[in-house]
Protein chains: 2
Amino acid sequence: MPFMRAVLRLLAVSTLFGLLSGVAALAFYFGVKASSFILLGVLAGYRAPEAPGEGGEVAWSLGRYWLIPVIAAAGGLAVGLIRRRMGLREYSTDEVLNAYHNARRLGLRETLAGLLASAITLGSGGSAGAEGPTGRLAAGLASAAARVLKLRREEARLGLIVSLGAGIGAIFKAPMGGAVLASEILYREGFERGVLYPALVASAVSYALFGSVVGFAPIFGGVSIAFDPLYLPLFAALGAIEGGAAVLYVLWLRRSATIFRAVIKSEVLRPALGGLATGLVGLVAPEVVGPGYGWTYLALRGSIGGLPSPLMPIWLLLALLPLLKILATGLTLGSGEVGGVFIPGIIIGAFAGLDVGLIFHRILGVPTAPFVLVGMLSLLGAAAKAPLSVTLMVVELTGGYNALPYAMVAIAVAYLASGKTALFEGQLDETRQQHN
Amino acid sequence: MPFMRAVLRLLAVSTLFGLLSGVAALAFYFGVKASSFILLGVLAGYRAPEAPGEGGEVAWSLGRYWLIPVIAAAGGLAVGLIRRRMGLREYSTDEVLNAYHNARRLGLRETLAGLLASAITLGSGGSAGAEGPTGRLAAGLASAAARVLKLRREEARLGLIVSLGAGIGAIFKAPMGGAVLASEILYREGFERGVLYPALVASAVSYALFGSVVGFAPIFGGVSIAFDPLYLPLFAALGAIEGGAAVLYVLWLRRSATIFRAVIKSEVLRPALGGLATGLVGLVAPEVVGPGYGWTYLALRGSIGGLPSPLMPIWLLLALLPLLKILATGLTLGSGEVGGVFIPGIIIGAFAGLDVGLIFHRILGVPTAPFVLVGMLSLLGAAAKAPLSVTLMVVELTGGYNALPYAMVAIAVAYLASGKTALFEGQLDETRQQHN
């Protein structure tokens with residue numbers, strides 16, 4: 001039966017992509033752990049808090065945090081050298097989207113150079129996420145495997161996007177979110193249903209492999225939220241603010257890249273300056289350094305006193321944190337360091353949500369946690385134009401779903417308020433053709 | 001600012017549709033409660049078990065269950081009379097899909113006649129679900145409101161599909177699932193992103209209203225499932241079986257309608273015969289009578305001894321239950337009684353999953369609950385060609401998400417195995433045009 005054979009082949013290929021994505025997630029997970037242990041931990045004694053499902057501790061120590069700008073600058077310099085020596089151009093989700101839309105392949109050499117560069121970026125204090133590089137790494141491994149195994153052209157193309165989702169799903173421990181992301185991220189408005197089924201299989205397999213090594217506990221597990229229908233309108237207001245923050249985030253990412261390119265010609269020194277600048281922001285607010293969504297977990301738990309600033313009173317720090325994180329992420333990524341834009345988006349959204357929640361808490365006595373949670377979700381959903389996968393991710397990140405109705409209202413408003421501004425330039429406007 | 005005004009207008013309209021959908025869900029919920037209390041409860045002393053979030057008790061009593069065929073036949077006759085007297089033609093999800101695709105409106109008279117007919121169908125023992133009629137009722141109310149308030153043509157059209165999802169989301173207490181359903185159900189392959197944002201708002205509002213009256217507890221709450229990556233391949237096998245069952249279910253629904261129409265000319269007597277035939281199947285297996293997903297809850301809990309058959313040994317009952325539920329649902333709906341196809345799909349999938357789980361339990365000692373849960377999900381996802389919303393619904397129905405990776409594999413296989421066979425004939429093949 002040719003139909004059954006085609007189904008079985010698709011399952012086999014999806015399982016293969018899933019296994020490779022799991023390997024990619026593990027490589028990146030341990031790569032960043034090692035890199036930050038050495039660069040920030042040993043050299044500066046700086047340790048960021050970790051969320052429960054990250055495998056570390058919520059406790060943190062600033063150590064010799066004044067060394068951070070130096071370490072971050074050195075990290076940036078290393079990234080610049082890798083760019084020149086190993087011929088690393090891009091290393092981003094956009095690159096995968098473009099490769100998919102134009103049926104191009106991803107080179108193995110650049111894939112591995114990017115793994116190194118992004119581990120150094122994150123480990124030396126760059127403000128960026130682990131998920132983008134993981135997805136890019138998974139897509140690169142899939143592309144290489146497709147060549148070695150002489151898979152069909154259409155399968156190789158499918159592998160790019162399915163593995164992007166499966167890699168991100170694994171490192172977030174959000175397999176369903178990862179699978180849906182693969183279908184949703186290709187277009188600003190459309191949805192690639194033909195990608196969904198292989199993505200479901202690959203992402204489940206990838207998650208199973210990654211979790212078997214690292215554990216299956218959700219990253220922000222243990223935060224419980226109750227639903228109260230009367231609070232629903234407050235989340236429309238939150239959505240509007242997060243939509244605005246999403247626009248600011250995206251525009252600054254673009255703008256900072258233009259500025260850096262105009263100011264410094266050297267591709268080697270540019271990321272070094274970006275690292276230095278990020279590290280200087282970190283002197284004011286250490287929360288912006290590194291991927292560090294442990295800080296988000298503190299916000300989620302309401303441990304506001306646990307957010308340190310060596311230079312500012314807490315109320316000013318809280319008010320400025322969303323802006324400082326936007327600033328630092330643009331400095332890191334705009335200068336050519338290598339990392340993901342999802343986790344910074346989550347953190348910016350969470351800090352902005354905390355501010356909104358604190359105001360409503362003061363006026364109406366409502367709890368702040370749902371605002372933090374829904375804030376991260378709605379900013380990212382609006383910026384990535386991927387509301388479904390982001391919603392699923394937040395369910396899977398927190399292990400809870402009570403806040404869904406809040407999130408539904410906030411995300412709709414945030415999406416509408418953010419207009420056409422989108423994080424990924426590789427997204428096409430709408431579905432161009434059905435995928436087979 | 002015209003952009004802001006457009007956003008606010010969309011929010012206002014969505015909120016209105018959400019409120020109406022909540023009213024529809026409440027009307028239907030209490031309508032069916034009253035109808036089954038009188039028809040089956042008072043007359044036959046029959047009481048089906050209820051799942052925790054349905055507001056009743058898990059305990060059941062068969063009473064004078066031999067009266068069920070008579071009551072079901074009388075119920076069918078009443079539905080036949082309503083069809084003729086009140087000019088009720090269709091009353092289905094397909095009707096809403098067709099009205100959306102052809103920008104038609106739904107008449108208020110038929111909307112209310114259908115509410116009555118479906119409450120009688122379900123209350124008198126017909127094998128059908130509450131969600132389809134609820135969605136249809138919500139869409140009908142939205143269509144009427146659009147006329148009264150002179151909404152724009154495009155808003156009226158949006159109201160149909162947004163309310164369908166919001167109504168189903170409320171009665172299932174699965175608001176996210178309902179919202180995604182609205183975007184996903186229109187096409188066999190596509191996804192209507194423009195519907196998603198108003199649907200998110202409407203479904204959250206509808207859920208908030210419905211839950212404020214009925215309670216927010218998830219319908220199948222309290223079933224906890226652990227994830228074990230080694231079991232993943234078993235769910236590929238489950239998916240293949242559920243995909244086959246989905247095809248059988250859809251084909252028998254179509255075929256039974258053809259047979260009934262060929263055999264009995266009278267539109268009044270046809271549903272009476274359908275009711276009688278359903279009731280006779282109920283003599284063998286009372287589990288097939290009425291919407292009754294309380295039985296599914298017993299299967300989920302593993303209380304297999306709690307499944308009664310007055311005429312068969314338990315092993316034979318268990319083996320036959322998926323087929324008997326398919327048979328009964330075709331008899332009910334093919335004859336012209338009025339009800340939804342989702343909940344029967346859930347129950348068929350759960351019973352088939354129970355069988356598969358029991359076999360694997362015997363051989364490998366694995367727990368059965370995940371197979372029941374994933375079984376309901378994968379059959380319905382494949383049959384409705386709506387895998388995302390069904391996945392979300394099952395998360396929301398059970399209040400848990402640990403089984404997601406299992407479900408991802410099973411649903412992908414079930415979808416592929418079921419080919420092009422689809423529950424809803426009103427679905428278009430793919431996205432025809434973007435919705436504005």
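**Stop 1: a loop in chain A**

Begin by selecting the loop of chain A that lies between helix H3 (93–101) and helix H4 (108–123), where Ala103(A) is found. The model is a predicted one. Although Ala103(A) is not a glycine, its phi is positive, at about 50°. Is Ala103(A) buried, partly exposed or exposed? With a relative accessibility of 33%, Ala103(A) counts as partly exposed, because the buried class ends under 20% and the exposed class begins over 50%.

**Stop 2: a loop in chain B**

Next, select Lys173(B), in the loop between helix H6 (153–171) and helix H7 (175–184) of chain B. Lys173(B) is not a glycine, yet it has a positive phi of about 50°. Its relative accessible area is 5%, so Lys173(B) is buried.

**Stop 3: the nonpolar core**

Move to Phe172(B), and display its surroundings. Beyond its neighbours within four places in sequence, Phe172(B) is in contact with Glu131(B), Ile219(B), Tyr293(B), Phe342(B), Ile343(B), Ile346(B), Met393(B) and Leu397(B). Which residues have the most contacts inside the largest nonpolar core? They are Ile161(A), Phe172(A), Ile161(B) and Phe172(B), and the core itself has 303 residues. In soluble globular proteins, nonpolar side chains tend to be buried together.

**Stop 4: H1 of chain A against H16 of chain B**

Now select helix H1 (residues 2–44) of chain A together with helix H16 (residues 404–418) of chain B; the two pack with their axes 10 Å apart, at an angle of about 160°. An angle over 145 degrees counts as roughly antiparallel, and H1(A) is therefore roughly antiparallel to H16(B). The crossing of H1(A) and H16(B) is right-handed. To see the contact, show the side chains of Phe3(A), Val7(A), Leu10(A) and Leu11(A) in H1(A), which meet Val413(B), Leu416(B) and Ala417(B) in H16(B). By class, this contact of H1(A) with H16(B) has 7 nonpolar residues, with no polar and no charged ones.

**Stop 5: H16 of chain A against H1 of chain B**

Turn to helix H16 (residues 404–418) of chain A and helix H1 (residues 2–44) of chain B, whose axes come within 10 Å and cross at roughly 160°. H16(A) and H1(B) are therefore roughly antiparallel to each other, and H16(A) passes H1(B) in a right-handed crossing. On H16(A) the contact is made by Val413(A), Leu416(A) and Ala417(A), and on H1(B) by Phe3(B), Val7(B), Leu10(B) and Leu11(B). The contact of H16(A) with H1(B) has 7 nonpolar residues and no polar or charged residues.

**Stop 6: two buried helix residues in chain B**

Select Ile348(B), found in helix H13 (residues 342–364) of chain B. Ile348(B) counts as buried because its relative accessibility is 0%. Leaving out residues up to four places away in sequence, Ile348(B) touches Tyr249(B), Pro322(B), Lys325(B), Ile326(B) and Leu379(B). For a distance, pick the C-alpha atoms of Ile348(B) and Ser61(B): they are 22 Å apart in space, with 287 residues of separation in sequence.

Finish at His101(B), in helix H3 (residues 93–101) of chain B. The relative accessible area of His101(B) is 9%, and His101(B) is therefore buried. From His101(B) to Glu287(B), 186 residues apart along the chain, the C-alpha atoms are separated by 37 Å.

Definitions and conventions:
Residues numbered from 1 in each chain as written. Chains lettered and ligands numbered in written order. Predicted model: local features only at pLDDT ≥ 70, side-chain atom pairs only at ≥ 80, totals over all residues. Heavy atoms only, no water. Core = buried A, V, L, I, M, F, W, Y, C linked by side-chain atoms within 4.5 Å. Buried < 20%, exposed > 50% of the residue type's maximum accessible area, 1.4 Å probe, protein only. Contact = heavy atoms within 4.5 Å. Axes fitted to C-alpha atoms, helices over the stretch in contact; angles between N-to-C directions. Helix = DSSP H or I, 4+ residues; strand = E, 2+ residues; numbered from the N terminus. Parallel < 35°, antiparallel > 145°, perpendicular 65-115°, else oblique. Left-handed = near helix turned anticlockwise from the far one by under 90°. Nonpolar A, V, L, I, M, F, W, Y, C, P; charged D, E, K, R; others polar.
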